[in-house]
Amino acid sequence: MTALFIRLTFNNKKMYKKILSFILGLLLFSCNPKIIVPITETKKETSEKQEAKIVNVNTVGKDLYENNCAKCHSLYEKSEFSKEDWKSILVDMQKKAHISDSEREEIYKYITTL
């Protein structure tokens, strides 16, 4: 009935097609389900993943630090040296402790975090 009214009102075929397309578009968009993703859940998941990653790095680095460095001397507190100092100390001690570059980096990450 509405189409008949529109057809009688608008004699021009182009105008009729435009109005019909507009009405169909409105119907399609209004019938689509609205999906709203809460942003806080996404941020929560990423922060949990980051915390898990930090814990993994810390445990690997901590184990390497305690098992390799404590063989020859007592362990130093993390705060006793700056990041730059720790970098040079670890490079110097790498050959003596027989650790790889990746192990040295894990120890460095552990010592310089938190």
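**View 1. Cys 69 is a buried cysteine.** At 13% relative accessibility, Cys 69 falls in the buried class (buried is under 20% relative accessible area, exposed over 50% and partly exposed in between, with a 1.4 Å probe and protein chains only). Please keep in mind that this model is predicted: local features need pLDDT of at least 70, side-chain atom pairs count only at pLDDT 80 or more, and totals for chains, interfaces and linings use all residues. Residues are numbered from 1 along each chain as its sequence is written, and side-chain values use heavy atoms, with hydrogens and water left out.

View 2. A disulfide is a pair of cysteine sulfur atoms within 2.5 Å, and the whole structure has zero of them.

View 3. A search of the whole structure finds one cavity of 30 Å³ or more. On a 1 Å grid over the protein atoms alone, a cavity is a set of points where a 1.4 Å probe fits but cannot get out; points are joined across faces, edges and corners, and the volume is the space filled by probe spheres set on them.

**View 4. Seven names to look for around the cavity are Cys 69, Leu 90, Met 93, Gln 94, Ala 97, Ile 99 and Ile 107.** Each lining residue has an atom within 4 Å of a point. Helix H4 (residues 83-97) gives the most to this lining, with four residues.

How values were computed:
1 Å grid on protein atoms, 1.4 Å probe; cavity = no way out; pocket = protein on both sides within 12 Å on 5 of 7 lines; lining within 4 Å. Helix = DSSP H or I, 4+ residues; strand = E, 2+ residues; numbered from the N terminus.
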